[in-house]
Each structure stands twice: as structure tokens, then as C-alpha cells.
Amino acid sequence: MRCAAALLVAAIASPAAAQPAAAQPAAPRTIQVPYSQFTLPNGLRVILHEDHSVPMVTVNMWYHVGSAREKEKRTGFAHLFEHLMFMGSGHVKPGEFDEWLEAAGGDNNGSTETDRTNYWINVPSNSLELGLFLESDRMGYLLDTMTPKTVDAQRDVVKNERRQSVENRPYGTAQVVLGEMLYPPGHPYHWPVIGYMEDLTAASYDDVVAFFKKFYAPSNASLVVAGDLRTADARPLIEKWFGDVKAAPAPEPMTVPGAALTGVQKKTITDRVQLPRVYLAWITPRHFEPGDAALDVVADVLAGGKNSRLYKRLVYDMQIAQDVNAFQASAQLSSSFQIIATPQPGHTVAELQKVIDEETQKLQREPPSAHELERALNQIESSFYNRMERVGGFGGVADQLNAYYTSTGNPDWFNEDLSRYRALSVNDVSAAAAQYLPLGARVELTVEPEKRP
């Protein structure tokens, strides 16, 4: 019988002993993230990592389902479940999830993307069992308490979130339109993660239940438990709380239609904004494929900070832009490279696009300097190590272990990930810009201010 009351009573854990500072190793630094893993009989993959630096643990669950697993006319389901998973389960009444965690000194959150939905719970190490109980209960017993009324209530919450983050947010519809322009109808990345209003309205309770049963089974999830724990003690607790979750078949593999840009697609939309904005986007290699890491460096050389080429020229020298950004949006099925710029009052997106094209073509013809490459790699590596300073939360070590496992099958892919960047040469960067950012095959989206009566 499941009971949470006893889990709330625990002694205060003593702080971990301070560890002496390690000697500075010679570059390149090798990352050591020891872990163990096992699979429960119901198919749940479990990864354990011990880190005794602070007396806390994190329970990090990834469901291998995001908006890409939805269908046309039935979008927004994965994000809807991100909300429903906090609304009570078979042995946790609505509101008790957060109440019990807060009473134990813990916190939690979740997020949805195209390819996965993740949830994490951070608790003091003496409350590990509480975190395991709560996470397992919503995996195995969510449908015991979910009702049409619950679904309707969270449907309205999601609709309101869409109003705030898309319809009523300056430039909020631009990313929705970009996805529709980059990928054809039927492609899993064509629709937005949050879904369409009409689809959220049309979804029936039975549709929602069927989506959960298909994608939220143990065989379609991976669990990382990391922090101040002992593997020998944690494994029996995981088996205790997750072992009674019923097994279900893994969902069938996805069939992904191809996507390619053969020319320039142009579109202009209006929004309630003060200044226009230009979005340039390309379809690029998916995450961890050749070219993906090089395009991260391309983005940094072009618009990664105030010393970057586009920022220096558009914002500092010519003073015709308020801002300019570039990034490689890496994803599992396909990625996109985007450059976004906002002109200063009195200037146009055409002026900005002319300079952007000049600098892009220059990078395609001539490799960046060794200093530009070194600066970009230093920033990437610094960001990488900053994320490793924490075990839990978004982007922490537990989240990265789960991400690497989901993408590569190897949780400890830290060194391989960094080596993608360390192996790059200046010629690799210009070659990636030339191959993947052709000016004649891209999306050009302009957002113009609505005309006032």
C-alpha cells in the first residue's frame, strides 16, 4: 500500500564534509561523471550518480515524448500533460504534491520541448524517498484521479498561457510562423510545442487519456537520481516505488517526412510592436550530427556578444540596429539556424539584412581568426562547466545525464560532447557556414508594426 505520510518525517541531514580543492589538471580537462544504471522489469531505465558535495538529491524524469509525437489537429497534448502531472494522482490529492515538497524543503518543475517532456524534483537527501514516491505516483496512477473536469481546467490554463506567451507577447507569433515556414504540414516540427488553440479546444477527454497511455509508460521514460545518495541504498527505494508501475508497450518508431528548403521563402506579418524585426532561418543538421557543433561557433562568431561581427557592425559602428542574435537551435529530428535583428527607429530591416548577408558571405569565403575561434570555444566550454556546478534543476548534471542517454544511449557523453568543439578548426567553421547557410535557400520572415488607425 502506498503511503506518503511517513515520508514527510525525516531527520535533518548533516552537511557533507568539505572536500579539498583538486589540483588544476592539464588541458584539455577530462570530465569524470561516475554512474550506474539498471532497467526495471517494467522497462524503466534508471541511472544513478553519486555527488556528496551538498546534502541534496534530485529525481529527474524524462518522458521521450514531446510535441513531435502529436498529430495534426491534435496538437498541444505533451504540454498539456506537463500541467496535468501536477494536479494530483492516485495517492496524492490536488495541491499535496507541492505542499509536501515545500514542507520537506524541496522544489520542482517541468518543461516540454519538441522531443521530450522532463520533470525534476530537488529535495534534501534525507527526503529522497518522498521524491521517488511523488514521481512514481504520477507515472503509475495519474489516470486514477484525472477527470474531464481536471482536463478542462488545465486546458484553460494552457490556453491562457498561449495568449500570454504567443498572441499577446511582442513578436510572439514569429516563432510559430517560422516553424510553419521551415517545415511542411505533417512534419512533427511544423506546429508549435504549445499547440494551436483550435486543437486544444477540440481535444476530447478520451483523446487525452489515449495519449497518456501510449507515451507515459515506463518503457518510454528514463529516470536519473543523482546527488547525496548511496547507490546501494537508492536502488531498493527506486525498485520499491517504481516497481509497481504497470508495464506497457513502447510506442512505435516515428516516421519522419523529409524537409528541405529549395529556395527563399518570404513572408511579412504584423504585430502590436513599435519596431520591425527580421528573422532569417535555415534547416540545419540535427543535434550531434556533423556540422551541428560548427554552427554553434558560426553563431558565436556572427552574433555571440558585443565583440561579434554583426553586433559590432550593426549596433556599434553603423548604429542601425538595437540588437542582433544568432543561434543553432539543435533538435533530435532536425535543427534550425536563426539570425534575428531589430533596427533602430528610422532604419529598416532591409538595411540590416544587407549587412547580415555581407558578413555571412564573408565568413563563408574566409575562415574566422584563431582568436575568434578561441573566444567562441572558451564561451562554449565555460557555459558547459557552469551547468555542471549543480546537480539538479534545468541543465544540471542529472538533466545532462538524461539528455545524453536519450540522444546517444550513453549517459556519460560529456567528454565526447566537448570534443566536438575542441576538434574544430577555423576552416571547419567557414565550411559549415558555406554549406548550411546558403542565401538562396532560407526563410525570411519580417514582423512589421500594425498600422494604427
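**Helices and a sheet: a quick tour**

Helix H10 (residues 309–317) lies across E9 and E10, and runs at about 165° to E9. Helices here are DSSP runs of H or I with at least four residues, strands are E runs of at least two, and both are numbered from the N terminus. Angles go from 0 to 180 degrees between N-to-C directions, with axes fitted as lines to C-alpha atoms, for helices over the stretch in contact. Keep in mind that this is a predicted model: local features need pLDDT of at least 70, side-chain atom pairs count only at pLDDT 80 or more, and totals for chains, interfaces and linings use all residues. Residues are numbered from 1 along each chain as its sequence is written, and side-chain values use heavy atoms, leaving out hydrogens and water.

**The sheet**
- Five strands make an open, mixed sheet, in the order E7-E11-E8-E10-E9.
- Strand E7 (264–271) and strand E9 (321–329) are at the edges with a single partner strand each, so one side of each has no neighbour in the sheet.
- The twist from one strand to the next averages 15°.
- E7 pairs with strand E11 (residues 442–449) in the parallel sense over 8 bridges (pairing takes at least two DSSP bridges).
- Gln265 has Val443 in E11 as its bridge partner.

- H9 lies across strand E8 (277–284), E9 and strand E10 (335–343), at about 170° to E9.
- The axes of H9 (residues 292–303) and H15 (residues 426–436) come within 9 Å and cross at roughly 95°.
- That's why H9 and H15 count as roughly perpendicular (65 to 115 degrees).
- In H9, the residues in contact (heavy atoms within 4.5 Å) with H15 include Leu295 and Val298.

Note on methods:
Angles under 35 degrees count as roughly parallel, over 145 as roughly antiparallel, 65 to 115 as roughly perpendicular and the rest as oblique.
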